[in-house]
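Let's walk through the side-chain contacts in this one, taking charged pairs and then aromatic rings.

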Amino acid sequence: APEVTVETRLALARTSTPALSPTVETRLLSCFGATFLLDQLAYITCVQCIHRDVKPENILLTKTGVIKLCDFGFARILTGPGDDYTDYVATRWYRAPELLVGDTQYGPPVDVWALGCVFAELLSGNPLWPGRSDVDQLHLIRKTLGDLIPRHQQVFHSNVFFSGVSIPEPDTMEPLEKRFHGVSPHAITVMKSCLVMDPSGRLSCEELLELPYFQEDGAMGWGRETDRLPRRYEKGTRRRAPAPQYFPQLTNSNISPAPEMKNKNRHKHDHHLPNI
């Protein structure tokens, strides 16, 4: 196949490696892939657009290592500050807190949050927060990052869809540093810069690209601190894609959530995707 999705590469990695033991390839993607995606998201933000459905299934890899952001079915042109947009967008596992609680005033930070989730998934080989419902998703996020900001708490409690519902209190906290204890500090900084409860506190795509992880020297410190890149990658530069590779045919994955509000005319081979 000329192109495969990042979800497919992750599915292949999961079949050949233990949980939380990503392959060299997936960790390479976390560096080079995130750089390419940040460039693309920075561009669409520049033209006043938000993607609203960044996830592994919407990231394509060509056989020459080119990474493309695809599926702009949820994309929206920003019309101005304070305007309302639909909150029922994006796929749950990559949906920012403001979307989960039903806030209709949001912007490019929702894409930055989703990118942070994808980045974490590439580092570990597994979804960061695989929630079974919106409330469960908020619970998992809260278990890692703490309470919602006051505005999002207010939106949650005033949302009729959550009437009589509360977000369970976490029994224990699992901060990013604990969940990714073997990951380099620069990689942790990238995640913590994307996965901020307050949208105004998330770095922009341009600011993220200036972090040490994405610089020429920092790019070599991706993944686990004890890992080394294969020799053929050691001389890579910040913007260079990994060496050409030929990817196999698409394989079924039973772990990724289905997109929401998508065309109901699904292909018959998509039956393995759960209905979320």
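A salt bridge here is a side-chain nitrogen of Lys or Arg within 4 Å of a carboxyl oxygen of Asp or Glu. Keep in mind that this is a predicted model, where local features need pLDDT of at least 70, side-chain atom pairs count only at pLDDT 80 or more, and totals for chains, interfaces and linings use all residues. Residues are numbered from 1 along each chain as its sequence is written, and side-chain values use heavy atoms, with hydrogens and water left out.

The structure has nine salt bridges. One of them joins glutamate 177 to lysine 192, with the closest N and O atoms 2.6 Å apart. Glutamate 177 sits in helix H7 (residues 176–179) and lysine 192 in helix H8 (residues 185–194), 15 residues apart; helices are DSSP runs of H or I, at least four residues, and strands runs of E, at least two, numbered from the N terminus. Aspartate 136 bridges to arginine 132 at 3.4 Å. Aspartate 136 is buried at 14% relative accessibility, while arginine 132 is exposed at 72% (buried is under 20% relative accessible area, exposed over 50%, partly exposed in between, with a 1.4 Å probe and protein chains only).

Now the rings. Those of Phe, Tyr and Trp (its six-membered ring) pair if their centres lie within 6.5 Å; planes under 30 degrees apart are stacked, over 60 edge-to-face, and the rest tilted. That rule gives five aromatic pairs. Tyrosine 85 and tyrosine 106 have centres 5.7 Å apart and planes at 55 degrees, so they are tilted. Tryptophan 113 and tryptophan 129 are stacked, and both are buried.
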